[in-house]
Amino acid sequence: MSWYEIFPLVSTSFILISGILVAIGWRLIVLKKREAHEKVMIAAAIAASLFFIIYVSRTIFIGNTTFNGPDSLKTVYLIFLLFHIVLATVAAVFGITTLTLAFRKKFAKHRKIGRTTATIWFATVITGVTVYVLLYLMYPGGHTKPVIQAIFG
């Protein structure tokens with residue numbers, strides 16, 4: 001297995017782990033186990049951050065993957081990918097906001113936005129794993145140039 005194949009698997013694993021941890025954290029707070037909730041949600045944030053670091057590193061130094069599925073699915077895939085990207089961006093902003101509210105002990109606002117954040121995060125995880133399955137398992141494709149090479153030649 002090359003770095004080109006390992007990076008997406010590892011980064012997708014981290015995003016999946018973060019989603020599972022958010023679900024566990026949600027259950028813990030419902031059970032009023034605040035300390036456990038806090039620890040699990042911090043672990044979820046760390047897993048999501050590791051995903052982001054790996055994803056950005058891969059994009060900069062290795063490149064991304066082009067869709068290699070049938071032409072009849074390409075437009076649908078690109079729309080789905082755009083939806084995932086927008087969803088992931090919104091989820092990241094909501095996630096940072098939710099964590100900030102918790103660290104500042106503004107629990108009423110944290111509780112209010114947290115439910116929405118978790119729901120958006122679950123959708124992001126599901127669409128992210130779907131993108132991985134399409135690009136690396138169902139229709140493995142070629143990869144693009146690393147951004148650093150595209151910029152500096």
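**View 1. His110 in helix 4 of the predicted model.** His110 is found in helix 4, where a helix is a DSSP run of H or I with at least four residues, numbered from the N terminus. With 16% relative accessibility, His110 counts as buried, a word that here stands for under 20% relative accessible area, found with a 1.4 Å probe and protein chains only. Leaving aside residues up to four places away in sequence, His110 touches His37, Thr98, Leu101 and Ala102, contact being heavy atoms within 4.5 Å. Residues are numbered from 1 along each chain as its sequence is written, and because this is a predicted model, local features need pLDDT of at least 70. Side-chain atom pairs count only at pLDDT 80 or more, while totals for chains, interfaces and linings use all residues, and side-chain values use heavy atoms, with hydrogens and water left out.

**View 2. Thr98 in helix 3.** Thr98 lies in helix 3, which covers residues 71-103, and its relative accessibility of 8% is why Thr98 counts as buried. Not counting residues up to four places away in sequence, Thr98 touches His110, Ile113, Gly114 and Thr117.

**View 3. Helix 2 and its buried residues.** The buried residues of helix 2 are His37, Val40, Ala44, Ala47, Ala48, Ile54, Arg58 and Thr59, and they pack against helix 1 (3-30), helix 4 (107-138) and helix 5 (147-152).

**View 4. The span of helix 2 and the residue after it.** Helix 2 (residues 34-61) has 28 residues and should span 40 Å at 1.5 Å a residue, which agrees with its end C-alpha atoms being 40 Å apart; the expected span is 1.5 Å times one less than the number of residues. Helix 2 is followed by Gly63, whose phi is positive, near 110 degrees.

Key
Helices (H or I, at least four residues) and strands (E, at least two) are DSSP runs, numbered from the N terminus. Buried means under 20% relative accessible area, exposed over 50%, partly exposed in between (1.4 Å probe, protein chains only).
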